Amino acid sequence: MAPQTITDCGNFTLDLKQRGFCASPLFLQSGSRRSFQIDSTSSVPSFWSSNPRPRRKHTRTVDPSLLAKLTKATTINTGKNDLLFGLWNIRSLSNKGPFCFDFFCLTETWQQSNDFFHLNHSILPGYVFTSKPRHVGRGGGLAILHKEKWKVITVPEIECTSFESVALQIKGVVPTILAVVYRPPKANPVFLKEFSIFLTSLCSLSPNVVLVGDFNIHVDDAESLCLKEFLSCLDSFGLQQFIKVPTHSEGHTLDLVCCSGVIPDNVITSDLSLSDHMLVSFNVVLSISKSNLSRTITFRNIKNIDGRRLERLCAKTGLVVHKDLYADHMKVYKSALSTAKMNYYAGLIGFDAGNTKSLFSLINTILKPTEFSNSHTYSTELCEEFMLFF
C-alpha cells in the first residue's frame with residue numbers, strides 16, 4: 001500500500017509515514033478549515049536546512065528606577081590578620097611614647113580623672129584609646145591604645161574592689177574579647193570570687209578571650225597556694241597562661257597573657273629601662289572587621305575675603321573715603337592676626353606644660369632670631385678642614 005499523504009489546495013504534500021504518524025480525523029479537522037483530500041499518487045520530499053535558526057533578539061533593558069540602592073557598609077571583613085599586641089606596666093605615662101601596636105594594653109598609667117594630656121601625647125595619628133583612671137588614691141589606671149581602623153566596642157565594666165579592669169570587644173567573624181587587669185600587690189580575700197564573676201561575664205560574650213595584665217601573682221613560685229587557686233580558676237574557664245619567663249626586674253613573672261579560643265605567637269619580653277616591668281609583645285591571628293572611615297575635608301572660602309577688594313578699589317579710584325575704609329580694614333586685620341598668634345602659642349605652651357624640653361624649644365622659636373650663614377664660613381681654611389676630616 002502506498003504511503004498516505006495530505007494535500008491542500010496549494011499542492012503542498014507531506015509524507016506522514018516519514019514523520020512517524022498517520023492521518024486521523026482529529027488532525028484533519030484542525031487547521032485553516034480548507035478542504036483536504038487524501039492523495040496516494042505522489043509525495044513531496046522533505047528539505048532540511050544546515051543553517052541554524054537565528055535566535056530571537058531580546059529588546060528588554062534594565063530600568064534603573066526599579067532597582068533598590070544598597071546602603072554602604074560601615075565595616076569590611078578583611079579575613080585573617082596577624083595583629084601585634086603589647087602589654088606593659090608603664091608606671092606613669094609621663095614622657096613615654098608614642099607606641100606602635102595594633103592593640104597596646106597599659107597598666108599603672110597613673111592617670112588622673114578627666115586628665116587626658118599624657119594619653120593624647122602617647123598616640124600616633126590614626127590611633128584612639130580607651131582608658132579607666134583610678135578615681136580614689138594614687139597610682140593605678142588602665143588604658144588600651146589601638147589603631148582606629150579596627151572595629152571595636154566597649155564592654156560594660158563590672159565593678160570590683162580587689163582589682164581594676166577594662167575590656168573591649170574586637171568585631172569580626174568571631175568576636176574577640178580583649179581585657180586588661182591590674183591587681184594591687186596587697187592580698188584581698190575576695191579576689192578569686194570577683195575574678196570568677198569577671199571571667200563569667202567575658203566568656204559569655206565570646207569563646208575568644210585575650211586576658212592580659214599585671215596580676216602581682218608570682219607565677220614562678222610553683223608552691224604558692226595563691227598561684228594554684230588562680231590557675232585553677234583560669235582552667236575552669238578554658239583559659240591558658242602563656243608567659244613562662246620573668247617580667248619584673250626582681251626576676252618574678254607578674255605580667256600575664258591568658259587566652260581561650262586563640263593562641264598567641266612570638267611572645268617576647270623586652271627591658272626598656274623605663275619601668276621596673278618588662279614590655280610583653282605577642283602576635284595573634286584574628287578574623288577582624290575593619291572600619292570604613294569617612295574622610296573629612298576642610299577648606300576656606302576665599303571668596304568671602306574682601307580685603308584685596310578694598311585695596312584694589314583704593315588704588316583704582318584714589319578717593320579719600322576708599323583710603324579710610326582700607327586703613328580701617330587693615331587695623332582690624334592686624335588685630336585679628338595678633339590675637340590668633342597669641343591664642344596659638346598659648347595653646348602650644350599649655351599642651352607641653354609638663355615637657356620642659358618642648359617649652360624651651362618653643363620659646364627659642366618665638367624669641368630667637370633665625371641664624372643666617374655668613375660668607376666667611378666658606379673660607380679656604382674651612383674647606384681644608386673638611387677635606388682632612390673626610
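Let me begin with a term: a residue is called buried when its relative accessible area is under 20%, exposed when that value is over 50%, and partly exposed in between, using a 1.4 Å probe and the protein chains only.

What we have here is a predicted model, in which local features need pLDDT of at least 70 and side-chain atom pairs count only at pLDDT 80 or more, while totals for chains, interfaces and linings use all residues. Residues are numbered from 1 along each chain as its sequence is written, and side-chain values use heavy atoms, with hydrogens and water left out.

Of the 390 residues of the protein, 31% count as buried. The secondary structure comes to nine helices and 15 strands, taken as DSSP runs (H or I of at least four residues for helices, E of at least two for strands) and numbered from the N terminus. The protein exposes about 26,800 Å², of which carbon and sulfur atoms supply 57%; these areas come from the Shrake-Rupley method with a 1.4 Å probe, and for residues only the protein chains shown count as cover. If we take contacts, meaning heavy atoms within 4.5 Å, between residues at least 6 apart in sequence, then 58% of them join residues at least 24 apart.

Now to the charged pairs. Side chains of opposite charge can pair when their charged atoms come close. A salt bridge here is a side-chain nitrogen of Lys or Arg within 4 Å of a carboxyl oxygen of Asp or Glu, and a search of the whole structure finds five of them.

Which residue does Glu-108 meet in a salt bridge? The partner is Arg-91, at 3.9 Å from N to O. Glu-108 lies in the loop between β5 (103–107) and α3 (117–121), and Arg-91 in the loop between β4 (75–89) and β5, so the pair ties together parts that are 17 residues apart in sequence. Arg-91 counts as partly exposed, at 33% relative accessibility.

Arg-91 also forms a salt bridge with Asp-276, where the closest N and O atoms are 3.8 Å apart. Asp-276 sits in the loop between β14 (265–270) and β15 (279–291), 185 residues from Arg-91, and is partly exposed at 27%.

Ser-92, in the loop between β4 and β5, is buried at 15% relative accessible area, and, leaving aside residues up to four places away in sequence, Ser-92 touches Glu-108, Thr-109 and Trp-110.

A further salt bridge joins Glu-157 and Lys-132, with the closest N and O atoms 3.4 Å apart. Glu-157 lies in the loop between β8 (152–154) and β9 (164–170) and Lys-132 in strand β6 (residues 127–132), so parts that are 25 residues apart in sequence are tied together. Glu-157 is partly exposed at 47%, whereas Lys-132 is buried at 17%.

Finally, a word on the helices. Helix α6 (residues 307–317) and helix α7 (residues 320–351) pack with their axes 9 Å apart, at an angle of about 150 degrees. Among the residues that meet there are Leu-310, Leu-313 and Cys-314 in α6, and Leu-325, Tyr-326 and His-329 in α7.

Definitions and conventions
Axes are lines fitted to C-alpha atoms, for helices over the stretch in contact, and angles run from 0 to 180 degrees between N-to-C directions.
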